[in-house]
Amino acid sequence: MTDYITIAIPKGRILKESVALFGKIGINCDELLSNTRKLIFENHEQRMRYMIVRATDVPTYVEYGCADLGIVGKDTLMEQEKDLYEPLDLKFGYCRMMVAEPVGLARDDDPSSWSNIRIATKYPNVTEKYFAKKGVQVEIIKLYGSIELAPLVGLSERIVDLVSTGETLRQNGLVEVETIAEITTRLIVNRASLKTKHPRITEIIEGLEKHV
């Protein structure tokens, strides 16, 4: 099995778009979309193996060599800062990492005057670094879901979160204030695998590059 290429992919929209993209370069992994609880899929003919994992765990599996390649959002890579090779922007899953606050606060707020603020977020590391560069002291509250709730109940005045259409913010009375980063899905590679399986991995990277 040492000549297999193992790819870690998260469920959801990224999985569907990844399967479609791999199909364009002749890698058939349609089985990943089947209604099953299997976590590992193998294509013996193509010598490929696929692992279905949580999006936040993809970099860990790749960094430790359990997977040679991974598909993951740039937000996760920014937050975790794993030792990985990131050769390709796959150009799907676009969204923005934003600072947002309640509409009422935003009317008279001036972000350039911030000196000490409290923020709720899933991205404490990115948030801390962003505001440190701006010279703003920030108290960070780590949450795992429904970040928009924090300002509504007084947990924090502001949040840092991913925004796609902005509809969730609008429905909860929040507005975007600053953009921290634009996020897309990336292909990541284990550094050792890139050396030991260089021809096959390079072929995959170059093939995908033609279709993104």
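In what sense do strand 7 and strand 8 pair, and over how many bridges? They pair in the parallel sense, over six bridges. Two strands count as paired if DSSP finds at least two bridges between them. Helices (H or I, at least four residues) and strands (E, at least two) are DSSP runs, numbered from the N terminus.

Before the tour, some notes on the model. This is a predicted model, in which local features need pLDDT of at least 70 and side-chain atom pairs count only at pLDDT 80 or more, while totals for chains, interfaces and linings use all residues. Residues are numbered from 1 along each chain as its sequence is written, and side-chain values use heavy atoms, with hydrogens and water left out.

**Stop 1**

Select strand 7 (116–121) and strand 8 (137–142). Look for arginine 118, whose bridge partner in strand 8 is glutamate 139. Axes here are lines fitted to C-alpha atoms, for helices over the stretch in contact, and angles run from 0 to 180 degrees between N-to-C directions.

Strand 7 also pairs with strand 9 in the parallel sense, over three bridges. Alanine 120 stands opposite isoleucine 159 in strand 9.

**Stop 2: threonine 121**

Select threonine 121, found in strand 7. Is threonine 121 buried or exposed? Threonine 121 is buried, with a relative accessible area of 0%. Buried means under 20% relative accessible area, exposed over 50%, and partly exposed in between (1.4 Å probe, protein chains only). Show what surrounds this residue: leaving aside neighbours within four places in sequence, threonine 121 is in contact with Thr127, Ile140, Ile141, Lys142, Leu143, Ile147 and Val160. Contact means heavy atoms within 4.5 Å.

**Stop 3: helix 5**

Now select residues 124–133, which form helix 5. Strand 7, helix 5 and strand 8 make a right-handed β-α-β unit. A crossover is right-handed if, with the strands pointing away from the viewer, the path from the first strand over the helix to the second runs clockwise.

Which residues of helix 5 are buried? They are Pro124, Val126, Thr127, Tyr130 and Phe131. These residues cover an arc of only 165 degrees around the axis, so they lie on the same side of helix 5. The arc is that of the directions from the helix axis to the C-beta atoms. Their cover includes helix 3 (74–80) and strand 6 (95–102). On the face turned away from the buried side are the exposed residues Ala132 and Lys133. Glycine 135, which follows helix 5, has a positive phi, near 75 degrees.

**Stop 4: two loop residues**

Most residues other than glycine have a negative phi. Select lysine 91, in the loop between strand 5 (85–89) and strand 6. Its phi is positive, near 65 degrees, and lysine 91 is exposed, with a relative accessible area of 55%. Next select serine 146, in the loop between strand 8 and helix 6 (149–152). Serine 146 also has a positive phi, of about 50 degrees, and is exposed at 53% relative accessible area.

**Stop 5**

Move to the open sheet of six strands, with the order 2-3-1-4-11-5 and mixed pairing. Strand 2 (40–43) and strand 5 each have a single partner strand, so one side of each is left without a neighbour in the sheet. Within the sheet, strand 4 and strand 11 run antiparallel and are joined by five bridges. Valine 72 has arginine 186 in strand 11 as its bridge partner. Helix 1 packs on the sheet, touching strands 1, 3, 4 and 11.

**Stop 5: the cores**

Finish with the largest nonpolar core, which has 27 residues. A nonpolar core is a set of buried Ala, Val, Leu, Ile, Met, Phe, Trp, Tyr and Cys residues joined through side-chain atoms within 4.5 Å. Helix 1 gives the most to this core, with five residues. Select phenylalanine 22, one of the residues with the most contacts inside the core. Among its contacts beyond four places in sequence are Ile7, Ile71 and Leu208. A second, separate core of 16 residues includes Val99, Ile119, Tyr130 and Val160.
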